[in-house]
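Open your viewer and keep the selection panel handy.

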Amino acid sequence: MVNSSGTIIPTADLSPFLTEEGSDEDGKKKAIEIIGKACSEFGFFQVVNHGVPIHLMQKALLGSNQFFRYPLDRKLEARPLPGAPMPAGYGRQPDHSPDKNEFFMMFPPDSTFNVFPSNPQGFREVVKELFSCFVKTASIIENIINDCLGLPSNFLSEYNNDRNWDLMSTFRYPEASETENVGLREHKDVNFITLLFQDEVGGLELKTDQHQWIPITPNQTTLVVNVGDVIQVLSNDRYKSASHRVVRQAGKERHSYAFFYNIGGHKLVQPLPYFTTHINHPPKYKPFIYKDYLQLRLRNKTHPPSRPQDIINISYYSTNSS
Ligand SMILES: O=C(O)CCC(=O)C(=O)O
Ligand SMILES: [Fe+2]
């Protein structure tokens, strides 16, 4: 697909991975090729025939749209439980944050940290089902990335074997004002991979190496996938965590869903030997425990630093920075 700025956003067809084992090897090869190239060039790509039912995505957008239209006190019935590792439930960006959005976040469907609103009717069931579909699609993409990186079979799925830290958020971004249009500032996702879809309003943009912002054209049938910091570190920068942002639009509010396929908080993250010692490359990152990094990144959100250079990102662990 070529978007308005003329840049090609790679799109892979996942249907060969959803049909009977081994029935379309050429189709698989093609998707692996597209995704591998996209991960090293852009850090993001799109997928079609991804296994998440389109009608479920539409239902989820309708439900969140309805939920966000409730008065604040009603939305706050789903406020996060104290002590949850991340604030699952309804939340908004702090007033002093330049980011302007409200969100509803959930952990895996059976997590005791989840807080669901009682209305709209059926919303809870829809988001739970959507979450489960996202997990399946993410694990297919994880295996593809595993093969693209030339790792031993199932290496990544064995490493990433704790599904308790996955998160899904739905967002509402208010329409832009005359003077400002920030929805979510430029950032890279911390996690393994992110899957997302947006309504027809659009506003998601990805940054290229040439510092050009590419708008991601909304498409009802497509999921956008971006590589997170964990893959960037494991692959020692072979694959990039993509910089992206959300720009609010004039006269239109925007809704989206993002699924953050995560790794367990206690996991040690460091460049894998396949991309360092085995090929005589020095590691570009120091080892760290994933939840320590999550904590630092969460602090960026709760206490946004006023100077952009004080915002913590993955370069905090870079071997070049000490
Ligand atoms: O709302 C979106 O489309 C993007 C959300 C996002 O980038 C994030 O939460 O990290
Ligand atoms: Fe993001």
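What follows is a short walk from overall confidence to a helix pair and then to the ligand.

This is a predicted model: local features need pLDDT of at least 70, side-chain atom pairs count only at pLDDT 80 or more, and totals for chains, interfaces and linings use all residues. Residues are numbered from 1 along each chain as its sequence is written, while chains are lettered from A and ligands numbered from 1 in the order in which they are written.

Start by colouring by pLDDT (the predictor's confidence in each residue, from 0 to 100). The chain's mean is 93, with 96% of its residues at 70 or more. The model has ipTM 0.99 and pTM 0.95.

Next, select residues 54–68, helix α3, and residues 123–148, helix α5. (Helices are DSSP runs of H or I, at least four residues, and strands are runs of E, at least two, numbered from the N terminus.) The axes of α3 and α5 lie 9 Å apart, at an angle of about 135 degrees. (Axes are lines fitted to C-alpha atoms, for helices over the stretch in contact, and angles run from 0 to 180 degrees between N-to-C directions.)

Now show the side chains where they meet: L56, K59, A60, G63 and F67 from α3, against F123, V126, V127, E129, L130 and C133 from α5. (Contact means C-beta atoms, placed from the backbone, within 7 Å.)

Finally, centre on ligand 1. Which residues are around ligand 1? They are S169, F171, L184, D189, L196, Q198, L204, H244, V246, S256 and A258, each with its C-beta atom, placed from the backbone, within 6 Å of the ligand. Strands β5 (167–173), β7 (193–198), β11 (244–247) and β12 (254–261) each give two or more residues to this shell.

How values were computed
Two residues are in contact if their C-beta atoms, placed from the backbone, lie within 7 Å.
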